[in-house]
Amino acid sequence: MGKSRDTSKTPAGTGKASKSEISGTEVKEPAALPLEDPVPVSISSAKGTKKKAGDGETGSHAEPHAPDRLEAPKNGVVVRMYRQGLGDCFLLAFGGPKGGLDDTKYVVIDCGVLNSQKEGSQRLAIVMENLVAATGGKIDVLVATHEHADHLSGFLMKGNPFLEKRIEIKYLWLAWTERFGDELADKLRQKHGQAQQTLEKAAREIINRGNPGFASKVRGIVDFEQMPDGVMSHDEILASISDESLKKLVSADKAAMPVKSSGPGVTTTEPRPPKPTIKLAIQILKELAGESNTTYCYPGQLMELDGIGGMRVHVLGPPRDKDEVLIKRDLPSENERIKEVYLSAATTNTGFVLSPALTAEIGAGGPERADPFRDFPSDARSPFGRSLQIPLRLSAKLESLPVQDPEEPRYPSEATRKLLNERYFDARWNWRRIDGDWLNVAEQLALNLDSDTNNTSLALAFEWGPEGQEKVFLFPGDAQVGNWLSWRRQKYGKSATISVHDLFARTVLYKVGHHGSHNATLKRDPGDSAGAAATPYGLELMDDIIALIPVDFATAEGAFFGRGGPKNGTAAAASNSETKFMPHKPLYEALRTKAKLRVLRSDETILPLSVESDPDLDLDSIPGSHELTAVPGLKNVRWRRSAELLGENHPMFYEMHFEQTVK
Amino acid sequence: MSPQPLPPPYRRLQVFALDPSADVQMDTASLSRATLEIPWENLKPGPVGNYIEVIDVDPASDCVYEAVDLQDPMLLARDGYAPSTGNPQFHQQMVYAVAMKTIANFEEVLGRRIQWAERQKDEQGEFLPRATAATTEVDDPRYVQRLRIYPHALREQNAYYSPVKKSLLFGYFNATTTDPRDELPGGIVFTCLSHDVVAHETTHAILDGMHRRLLEATNSDTLAFHEGFADIIAIFQHFTLPGLLLDQIQKTRGDLRTNNLLAKLASQFARATGQGDALRNAIGRFSKRGRQESPDPTEIHRTTEPHARGAILVAAVFDAFLKIYEHRIVDLRRIATGGTGILPQGEIHPDLARRLAEEAIKASQRVLNICIRALDYLPPVDVNYGDYLRALITADTEINPADPRRYRLAFVEAFRNRGIYPMDVRAMGEDSLRWRSLEQDAWKVIELFMPPPAVLRTMAAAYDSDGSISAGLTWFTRPDQIQNSEQLIGMADRFLAKFWKSAQKPADSDSEQKKRYRRYRTEQEFAIFFHTWIMASVQLTGKKPAAEANQIKKVINWNLGLNFSVDLEVHAVRPTIRLRPDGRSKVELLVLLTQSVKRDLQDETGKPVKDFAGDTIPVLFRGGCTLLIDPDTGRINYAISKRLDDPSVGGEQYPARLKRQMAYQRAAGLSGTQALEPFAFVHRHVEETEGY
């Protein structure tokens, strides 16, 4: 099985990739292991340089020796969870056999914050300066899990050290879905773009119809794609960089921004700042790392960090099973429905559902670049022939009917006009009108779109120590159900013998998927159509873990429900209100059980859970001191909270030190 | 001058028999169209009739369509427009025809006019004022005259009854299949042209009008019951479609356990969305050889999604039908096969097919009849499948007391095989399943709380009498002002005088619409009387010595499920009419009483569950009873109750039923909030139970 994966990860025609595949990272055959990197311990050379970054910290005096650089213990691992709010940024430091700063390698997973996070950008700026200091300005591997702002926005923010090249990215790991020229990835990218544009039009339409609350809700769902305030505009980025190839990228992204529709017949569009797309972040990272240092990860692949022999990284997802990825709905028998992972028929169909009604622009004659169904005969967009349709506006009250011109749109007959005026347009019947009901499906489209992107998350399991024996750190990005379930399909490790169930069982640190939402941490394998029974899976197989939830409860609530909280939501929100919370309460409780209360979050240190009102409930167990202390219930693990603060009583990060236990 | 002709009994309207997909296949084309006979009424363009108004606005396409005028002589003379997917006026005609047919089926079985659920709250969630003396059907804020139907409301694979808008919303969509053998890929599919979808949604609306608390999800069966019942009606209406039954009997050689059109629901919808050849199939699952697989009694425990769980109920009822049908045709098969009962290869004789079809119709009528009638024997709240089984058995016993061929066992067996059984019976025998009658001792106590027989008789008779609407509750006394039983009797006397002596004589010219409204108002007045009577009686009980009062409370709580310290809602006071075996009609008075209390949501250990803000989460716990009263004697024949425990006489604050409800609501993630549109024909969200 491992062999067949090999072919998939190196598609024909990309011969130039050989260097990155070996030295960067990924190694299958022991023979390929040699460290071809010319300066295997080059990190040490960065020591002591670029120290000015430390200015960004607040209150670092509490640390007695205050080493800005993060040093991993010999053969040990340090995991730092930054707490900028709803958004991911993790720093992992791996210690080699020699120990010391020279033998420490740095892996950074994501760097972003959600659009609506209060003070998110300011906090993230401070976090990024800490990254510079801690790594000495050199990251061995940067992992960008998926294209959501809460994971990547940092790379586009004003003054970020990546664009300013104060941090060097040695290797960049991306999911295969980011690869251009990969047929499947290209297809997904195209579909996603279409759906996105449809949705934005729907949101505008909803505003035009006088329901801004609902529109902001729909947009709130795709908030993960919206850029926070601190993100620069194209022009600001252009002004801040000198690198020509970077400039080219930014200009290209700017040119591809949708043209604001402002023709006749288009009433309003909400002014949205022309922020770059999140895709630009990935492009910039690729440029900064260099294409030859970029590895596209395929499920089942084994990655290694050069110099740290004891560390292996298994690529779990995103899945690449054609049967599941491709839109293929013609198979199911009556008892079975294929569950798609990515843009399902339902999603794309929804795109169609929305598009025809959102084509006021089409009527106005403008070229409709955003319209995914522009190849459809125009008549097929309408349920009936054009001659049978009477424009809604013409059927409302008119003092007198104009003379019918055969070329003009039709006016209703006297009888129909009477019917509509008496029973539909009359204010008495407003409660029965359905003008906006069809747009409710936009919410579904937004949710689908969001899940689809989450499902493209690069999901990694860091295994450290002898293969198949030691502890596992699980970083699933924001992978949702489809992605999680696909991990069953391959075996991992050099000999391809490790099952994902085994990885779950050995997990000691779990970065909770999607900020603790209800469907991004699995508990159950539903079995298969062949009749296999449902079995425990995911979190249910983990035990005695530390759980990390990069979440801000208040922000998540605001993003999903708008300002008014759940009560202002639509029907779907009302019926599912409990499932929309982050963290989702049942999951949160399961995590507390599995982690024996060792649940670390990015928001308030004291839980806004029912703790105050329920004295019997145990508080979450979190690091209490700036100094390393033993983690309750776990051997060979210590943790601390940072002395640096991101606000009153809000440590910038939590840090966990793991010592290798199996020699 | 020629005499004025009487209106015809029926209006004939053409429809697609099942849906348009059958119309484009050679083997089904001959029966893909049907002409339905709809009870005659004068229609305005729309159509707008007594029960229904079709409004064809299509905001998704930013347009409206001309309204069909079915009174047009050109259409009257040819049974309306011919079936066509491309003619919106035909769509309006078809939704009207199928919805009216569904309504007619209910009225025929129930023996009374149906009413739509009243509109209780406005858009802001405030309660609307009740009708006053001067209110008419046009300006009554709560009365819903007509169910509204939007044939082209949505652009998605969906259709639903909206309890808020009192409307049916139908969607249309592009087929997502890639297999042109199913549907034209990308072609437009209209849910309003599917007989099954229209009948299903109409049934939701009718059921909501009969039992408004069935919308509340208090156990895993409530919403599933709504769905399953709507499917049952849709499927049994297949049997009334001319030609379809005979054709299917021919094709299956009389074996209806093989896959056939009668049992298939929403074929086109399923094909167009790539979900096989039926969205739901009443026969259940099929083996490789195309015959019914035996049911799995554990499936029900694994199935929570309302439509899927509803399908189990449908399968059970359909199985009962098949058992009855098969029993009825055993002799025919023997006659046709010279005693072997084994049919030879090839087609069966047309005469045999016709005879089999006759038996199938009889069996289906009995089953449909019982299924609808059983609604009157359901408790008013927290219904589960076991209750429905008991209601079915009770209803059938009332109509067919003898049951010489033991057809009731067909139901018992079909339900048992699917793991459906009531929680509170000692055995699955017919006798145990039937709701119990009140015991004599209990009746002696309960009698004190019931209006006198004369009042009940009046109610049963006046409901359908056109003259009975009062102007201003002239008999009314506030319950707290009634000090003794004489005053109570006085109120009853005024009530009787009002309805017997001073009833207005209706004008002949009054429209059917006015008559329906009068019925609605009359029922409201009865409800007020019942409420006043019982609450006043409760108050009088309070004046008795404590020990005696407590004893009375206990008996009432035990037998009627009512808690004396909680206010009462009277949901319905309407007659149910049926034919007795001796050919005379029998009238009973159906009264629905409910109550509710608020409790705090608890976890399984009994500790209160808090939300993130640290507040407790309220749970609405409802109880109540359905009374079937014999108006001649005033006696209660059945009191079908869900008890609201009365802690003041030893009941628990958190009884077992509430614990079950809380367990369900915790698992379903419901925190007392009610979905606004619970009846989407298919759920937009795919449940992902693998997560948390």
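**Exercise 1. In which helix does B:Q237 lie, and is B:Q237 buried or exposed?**

Solution. In this predicted model, B:Q237 belongs to helix α5 of chain B, which covers residues 222-238; helices (H or I, at least four residues) and strands (E, at least two) are DSSP runs, numbered from the N terminus. The next step is the relative accessible area of B:Q237, which is 1%. Buried means under 20% relative accessible area, exposed over 50%, and partly exposed in between, with a 1.4 Å probe and protein chains only. B:Q237 is therefore buried.

Residues are numbered from 1 along each chain as its sequence is written, and chains are lettered from A and ligands numbered from 1 in the order in which they are written. Local features need pLDDT of at least 70, side-chain atom pairs count only at pLDDT 80 or more, and totals for chains, interfaces and linings use all residues, while side-chain values use heavy atoms, with hydrogens and water left out.

**Exercise 2. Which residues is B:Q237 in contact with, leaving aside its neighbours within four places in sequence?**

Solution. Contact means heavy atoms within 4.5 Å, and with those neighbours left aside, B:Q237 is in contact with B:K101, B:T102, B:N105, B:H195 and B:A199.

**Exercise 3. How do α3(B) and α5(B) cross, and which residues make the contact?**

Solution. Two packed helices are described by the angle between their axes and the distance between the axes. Axes are lines fitted to C-alpha atoms, for helices over the stretch in contact, and angles run from 0 to 180 degrees between N-to-C directions. For helix α3 (residues 88-110) of chain B and α5(B), the axes come within 11 Å and cross at roughly 100°. Angles under 35 degrees count as roughly parallel, over 145 as roughly antiparallel, 65 to 115 as roughly perpendicular and the rest as oblique, and α3(B) is therefore roughly perpendicular to α5(B). The contact is made by B:K101, B:T102, B:N105 and B:F106 of α3(B), together with B:F229, B:I233 and B:Q237 of α5(B).

**Exercise 4. How are α9(B) and α10(B) arranged relative to each other?**

Solution. The axes of helix α9 (residues 306-336) and helix α10 (residues 350-373), both of chain B, come within 9 Å and cross at roughly 150°. The two helices, α9(B) and α10(B), are therefore roughly antiparallel to each other. Their contact involves, among others, B:F321 and B:L332 of α9(B) and B:L356 and B:V367 of α10(B).

**Exercise 5. How many helices and strands are there in chain A?**

Solution. Chain A has 20 helices and 19 strands, and buried residues make up 58% of its 663 residues.
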